[in-house]
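Let's take a walk through this one together, a piece at a time. Have the view ready to turn as you read.

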Amino acid sequence: MLQLKSLINCIDNSGAAVVECIQIIGQKKLASIGDRIVVVVQKQSPGHAAGMSASSSSGKVKRGDMRHAVVVRTKQRVTRRDGSVVRFDDNACVLINKAGDPVGTRVNGIVGQELRKRKWSKILSMAPMQA
Amino acid sequence: MAPRLPARCWRQLQTHHHQQSTITTLVRPRASSPPTTTLLLPRTTTRGVKYGWSTLSPRAKVTRFNQVTAGLPAPTTGPAAALKRRERTTPVRAGVLAIKKGMTAFMGKAGARIPCTVLQLDRVQTVANKTRAKNGYFAVQVGLGEKSADNVTAPLLGYFEAKGIAPKRELAEFKVRDASGLLPVGVQLLPDWFHVGQWVDVRANSRGMGFAGGMKRHGFKGQEASHGNSKNHRTIGTVGPSQGGGSRVYPGKKMPGRMGNERVTMQNLPVLMVDNDLGIVVVKGCVAGPKGCVVKIQDAVKKPPPPQKFVEHSRKVLEERFPDAEEVLEAARKRHLELKEARREGRIEQLLAAGVIQEAAAASPIPGDASVVY
Amino acid sequence: MNVAPLSRRPLGCLKTALRQSRQQNALVCRSMATATATSQSAPGLARLPDHNFYQLKDSKTKKLRSAFAVYQTPMVKTEPDPKKVVKRLPRNAPRVPAEKLPGFLIPPPDPMPMLHATQIARMDPTGARTALLAKTRQGARPGDILMVTHRRGGEPFSGVCMSIRRAGIDSAVLLRTHLNKVGVEMWYKVYNKNVAGIEIVKRARKRARRARLTYLRQPKHDMGSVSEIVAQWKKTRKIMSTRGGGQKGGKGKAKPAKK
């Protein structure tokens, strides 16, 4: 249930730590797992922030950047076809470019299985676990 | 359409017709109607289905000039045209009344969970038929459950007495397309009236929410929390324009008021299960209203009707189960007329004391003391 | 059906009526004669369902004002106990003989338990899942650590049972754990085919004094990841199964854990 102004954790190594939702792609009011959103990077991850001046390659995005992202975890419960329900303790997303490819090279946390249905196979293959 | 004459003119015909018809035997010829001549039309105008819907004086009636036979197209207004118009959206078969028993789920073999609603048919019986000739449309009146005679008014007691069935908790009409959809009176409709996989429309009154404000009832935005707002955070604001708009509130303006408890139709719900023993019809998805509310189930209007074969089959099953429904109805009506006469003449007490008791004892299959029945 | 008002009716009225009728013998005979005459003319009269008379009385004088025949829903006469609610007829052919009254099926007042029972019997023929939900010592309880294995392979999900929703076929358990340092909660429908089996990994040390352990979401009470406990349990189970020889794996079966 992510909407305008929602603050979301970014769990890839793109360099963003916390992003803010400014738009949901598609005629939707609220974003759930697998939805594409437009975000603004609000906070960079500490490692990348330090090394940004030294090497521009490590941190791909910086504060204030506007990027697309895919929601991979929500605190709001998501019901599945078999009646099971999943709920995570935080909201998380993975940054992507306009073409739909992930900006980062790694995904650090668990992602929801709904991504499979929504054909985000690249993110799924990068994730260590799915639930 | 044939020229509509006042019913008085063709009453003789009508009485003759009803004696041979079996389905429309509900229409009783009035024995005490004043003698009327077919030639002299009455001067007074009486409006109603019995006399024709026009308020025009029968003498001033001009419809006889506007007939199809005169080369004019069939009228697009009037009862016949209305029935014709609604023909496509009127189900072929009657529906049933049921009680919502709650929601549960079906677990599919592939792992899918299908939420469903359980509707129970409790002693659902056909009570009456409405016909085009008598009522202006075709419909089947269906009753549900049973009611203590304490809670039934005398007119209704007489009504049920004439039908030979127990007083029903609920009565509802189901419009059907034509006379072929009418059912014998007094038969029980079981869940196998529907078949698994068919679509139904389910109607029920939604849960009443009581008096609700504009925000809850109509989704109004409400007003600001601050910026000088004083005690008007959830009020509806203005109800209309000023002088330019006529300085009035337009009819139908959405306002606070009673929310819920209104008819909600869920269309095209697939039937997942029917069980005669449990008396249940299980439909997919949700149905408005709380548990225990009365719902109407009928074949879906927006889907193709059940196959003709099934319609015939369900009809046949019904007739096999209750082969003597018409005789029972006829007997009940005779008995009703006797009792009615007795009530009118004030000898019901004597009848109760003597005649009827013995008769009832003879009629009841359990041989026993008359006082048992009494 | 209308037994209550009849039983409440004072018999004195009946007596008076009878006495009156005896006195007015001639009239009664006449009325009886007409009645029988019509009944004979009507062939179906004998098949009328049972009825008694509901009497309307004047509230002041207590005199009979009117009376109506109130029919009873005819039921199958083979049922000896009239109080029994469930009337059963053969499903397909309740063909009633002509001399018999048509039988009416009166459904049970609450069909839900029976519906659930049939559904559960279909989805859980071994009864293992039902045993897991039972409120016995063998059943799962909030606070226990459960492991759910999926039918389509994949990692089994283990977590602390936060609550159990007992709703017939729709029963479910709520599990919570941490995966990759993120709290994850899952509701699993116990009778769903996608759930291959549910096993109790570890019992709660003390009985939880709440039915829903929502406090486990607070950092203070959060149990964190249960993966270590599960891994340990798996190890011991492996040892036991090899020693025991014939013990089968937990797949497709929900069985209580070995202590």
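Predicted model: local features only at pLDDT ≥ 70, side-chain atom pairs only at ≥ 80, totals over all residues.

Taken along the principal axes, the C-alpha atoms of chain A fill a box of roughly 50 × 30 × 30 Å. Of its 131 residues, 42% count as buried. Look at the contacts in chain A with a separation of 6 or more, and 54% of them come from residues 24 or more positions apart.

Among contacts in chain B with a separation of 6 or more, residues 24 or more positions apart account for 69%.

Seven strands form an open, antiparallel sheet in the order β5(A)-β6(A)-β6(C)-β5(C)-β4(C)-β3(C)-β7(C). At its edges sit β5 (78-79) of chain A and β7 (195-202) of chain C, each of which pairs on one side only.

Let's zoom in on the chain C part. Strand β4 (residues 157-165) pairs with strand β5 (residues 172-179) in the antiparallel sense over five bridges, and there Cys161(C) has Leu175(C) as its bridge partner. β4(C) also pairs with β3(C), again antiparallel, over four bridges, with Met147(C) standing opposite Ser158(C). β3(C) and β4(C) form a hairpin with six residues between them, and Gly153(C) in the turn has a positive phi of about 70 degrees. Six bridges join β3(C) to β7(C), where Val148(C) is partnered with Ile198(C). How much of β3(C) is covered? Five of its six residues (the strand spans 145-150) are buried.

And what about the greasy interior? In soluble globular proteins, nonpolar side chains tend to be buried together. The largest nonpolar core here has 75 residues, and those with the most contacts inside it include Val96(B), Leu119(B), Val200(B) and Val283(B). Helix α7 (residues 325-345) of chain B gives the largest share of this core, seven residues. A second, separate core of 69 residues includes Val19(A), Leu179(C), Val190(C) and Val230(C). Back in chain B, residues that Val283(B) touches include Cys116(B), Leu119(B), Val202(B) and Leu272(B).

Most residues other than glycine have a negative phi. His227(B) has a positive phi of about 60 degrees although it is not a glycine. You'll find His227(B) in the loop between α5 (214-218) and β8 (257-259) of chain B. Is His227(B) buried or exposed? With 6 C-beta neighbours inside 10 Å, His227(B) counts as exposed. The other one is Lys62(C), whose phi is near 60 degrees, a positive value in a residue other than glycine. Lys62(C) is found in the loop between β1 (51-57) and β2 (64-71) of chain C, and it is exposed, with 11 other C-beta atoms within 10 Å.

Key
Residues numbered from 1 in each chain as written. Chains lettered and ligands numbered in written order. Contact = placed C-beta atoms within 7 Å. Pairing = 2+ DSSP bridges. Helix = DSSP H or I, 4+ residues; strand = E, 2+ residues; numbered from the N terminus. Buried ≥ 20, exposed ≤ 12 C-beta atoms within 10 Å, placed from the backbone. Core = buried A, V, L, I, M, F, W, Y, C linked by C-beta atoms within 7 Å. Lists of a residue's contacts leave out its neighbours within four places in sequence.
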